[in-house]
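Here's a quick briefing to read with the model open in your viewer.

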Amino acid sequence: MPGSVNDRITLDMKVCKVCLSVFTRPHRVSFEQWDRRFLCSSRCRSTWNRQKRKSYNLKQSTKDRFWKFVHETNDHNQCWEWQGYKSVEGYGRFQIHNRTHTASKVAWTLTHGPVPEGLCVLHRCDNPPCVNPNHLFLGTVKDNVSDMWEKGRAHWQKNALHMAS
Ligand SMILES: [Zn+2]
Ligand SMILES: [Zn+2]
């Protein structure tokens, strides 16, 4: 809904996909260019490109194999649950070249590109098997832990730590 001042402010602000800092639209950048912009600076752009080159250049066959495990729906608000192998915590697991990856991370990579170093893919929907890219966002490991504490999911881990010590 255009009109309110708040809407106009948020439309001019984005979160950089590399450094996660909030940046605003410079006046010389047109709205069209702004629509495509997702990095705050040329420094972040070169980091992004470097990671993109480094990232697994997944073959089409791997992509097809991945999405076959996903119960996709046309409704982008709904969770798309992973139908393949899952970890104890319920996260989807997917093998590429004999290495096992978290399905939500692969889903992010296929949709948006590589996950920057030091960041992890988190769920907005708090549903571990979900790989709907619309429900995923990037955060730090610390975000993940505090997010889990807030949602009370870390209880069993706390107990496990107790037993281990
Ligand atoms: Zn940045
Ligand atoms: Zn979801």
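Which residues does Val131 touch, leaving out those up to four places away in sequence? They are Val70, Trp80, Trp82, Gly92, Ala103, Ser104 and Ala107. Keep in mind that this is a predicted model.

**The overall picture**
- The chain has seven helices and eight strands.
- Of its 165 residues, 13% count as buried.
- Take the contacts in the chain with a separation of 6 or more: residues 24 or more positions apart account for 42% of them.

**The core and helix H5**
- The largest nonpolar core has 14 residues, and the ones touching the most other members are Ala103, Val106, Ala107, Trp108 and Val131.
- Helix H5 is the top contributor to this core, giving four residues.
- H5 runs over 103–112, and its buried residues are Ala103, Ser104, Val106, Ala107 and Trp108.
- A bit of helix geometry is handy here: with 3.6 residues a turn, an α-helix has residues three or four places apart pointing the same way.
- So what covers the buried part of H5? The cover includes helix H4 (60–68) along with strands E4 (81–82), E5 (93–96), E6 (99–102), E7 and E8 (136–140).
- Just past the end of H5, Gly113 has a positive phi of about 110°.

- Two of the strands covering H5, E5 and E6, pair with each other in the antiparallel sense over four bridges.
- Within this pairing, Arg93 sits opposite Thr102 of E6.
- The hairpin has two residues between its strands, and His97 takes a positive phi near 50° there.

**Loops around E7**
- Gly118 belongs to the loop that links H5 to strand E7 (119–123).
- Gly118 and Thr140 are 22 residues apart in sequence, yet their C-alpha atoms are 6.5 Å apart in space.
- Asp126 is worth a look in your viewer: it isn't a glycine, but it has a positive phi of about 55°.
- Asp126 has 14 C-beta neighbours inside 10 Å, so it counts as partly exposed.

Key:
Residues numbered from 1 in each chain as written. Chains lettered and ligands numbered in written order. Predicted model: local features only at pLDDT ≥ 70, side-chain atom pairs only at ≥ 80, totals over all residues. Buried ≥ 20, exposed ≤ 12 C-beta atoms within 10 Å, placed from the backbone. Contact = placed C-beta atoms within 7 Å. Core = buried A, V, L, I, M, F, W, Y, C linked by C-beta atoms within 7 Å. Pairing = 2+ DSSP bridges.
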